Amino acid sequence: MRPAAFLTGITGMVVVVGLLMAGEARLGGGTAGEETMSAEETATAPADAAPKAGERATISDDRAEMIARSVEPMAPPSPASGPAPSDGGAPKPADVAQQAETPAGETASPPAKKAVELARPMADNAGILSFGERRLQLAGIVPTPVDRICGPAGRQWPCGMMAKTALRLLLRNRSVSCDLETVEWKETVTTACRLGTEDLGLWLAENGWAEPAAGSPLTAAAEKARQAGKGLYGDDPRRN
């Protein structure tokens, strides 16, 4: 009887150990299955696996964290890191500033003026020359209107008409040279014109036939003419 009892006890211990090992393996396998389940399998689970109306959906904290990580958007690269050499990224601010300083921007500037010879100018007044439908205003002066009257009461005289006549006598239909961007200008352009080496605006200011514009370099010349009583600042020249 003793040998039988001994065998029975050994068999029982083996059974108990086997059950314990099987239970441990089952528990470990279940946990590993839960941890290795991917977000893709969760997302592609059949629709009938969803909880029915009225039932509470249960999900473990580990499962929720795994799903959240799988759908979390990737953070954009830091601006300080800059684009990779092969990704053709956007230019850096320093590159943009360098492009702004390139000669390409200089093409937007207006073309430089050059001396253009113009034939047979007509004087509209002491300060504006006309060439058909186009006109040039002499730089540095205020054109004197043709209808301007000068002198005190009782001694008034048509100084505007006299100023125009003085400029016409100087020109005598000779060609002038004017600084222009193009010979095809439109309307009225303000620029410097010369008869030979004589600047026409300076000539009018020095002889008192036109007043200087604000800030004009011809102010000093016009002031000398005023002090000398020339042109608009003097008496009717027809009485001399």
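Local features are described at pLDDT of at least 70 and side-chain atom pairs at pLDDT 80 or more, while totals for chains, interfaces and linings use all residues. Residues are numbered from 1 along each chain as its sequence is written, and side-chain values rest on heavy atoms, with hydrogens and water left out.

Two stretches call for some care. Over residues 30-59 pLDDT stays under 50, and the model has 11 contacts (heavy atoms within 4.5 Å) beyond four places in sequence for this stretch. Residues 75-88 also stay under 50, with 2 such contacts. Where pLDDT is low, the predicted coordinates should not be read in detail.

Turning to the aromatic rings, the structure holds 1 aromatic pair. Rings of Phe, Tyr and Trp (its six-membered ring) pair if their centres lie within 6.5 Å; planes under 30 degrees apart count as stacked, over 60 as edge-to-face and the rest as tilted. The ring centres of F131 and W185 are 6.2 Å apart and the planes stand at 85°, so this pair is edge-to-face. It links distant parts of the chain, 54 residues apart: F131 is in strand β3 (residues 128-131), and W185 is in the loop between β6 (176-180) and β7 (188-191). Strands (E, at least two residues) and helices (H or I, at least four) are DSSP runs, numbered from the N terminus. Both F131 and W185 are buried, where buried means under 20% relative accessible area, exposed over 50% and partly exposed in between (1.4 Å probe, protein chains only). R134 lies over the face of W185, at 4.2 Å from the ring centre; a charge sits over a ring if NZ of Lys or CZ of Arg is within 6 Å of the ring centre and within 35 degrees of the ring normal.

Strand β3 also holds S130, which is buried at a relative accessible area of 8%. The side chain of S130 makes a polar contact with the side chain of D124 at 3.0 Å. Such a contact is a pair of N or O atoms within 3.5 Å; within protein, one must be able to donate a hydrogen and the other to accept it, and residues adjacent in sequence count only if both atoms are side-chain atoms.

D124 takes part in a salt bridge as well: its partner is R135, with the closest N and O atoms 2.8 Å apart. R135 lies in strand β4 (residues 134-138) and D124 in strand β2 (residues 122-125), so the pair ties together parts 11 residues apart in sequence. R135 is partly exposed at 31% relative accessibility, and D124 is partly exposed at 24%. The whole structure has 6 salt bridges, each a side-chain nitrogen of Lys or Arg within 4 Å of a carboxyl oxygen of Asp or Glu.

Another of these joins the side chains of R148 and E211 (3.3 Å, N to O). This pair spans 63 residues, from R148 in the loop between β5 (141-142) and α5 (159-171) to E211 in strand β10 (residues 211-212). R155 forms a salt bridge with D235 at 4.0 Å. Here R155 is partly exposed at 43%, whereas D235 is exposed at 52%.

Terms used:
pLDDT = per-residue confidence, 0-100.
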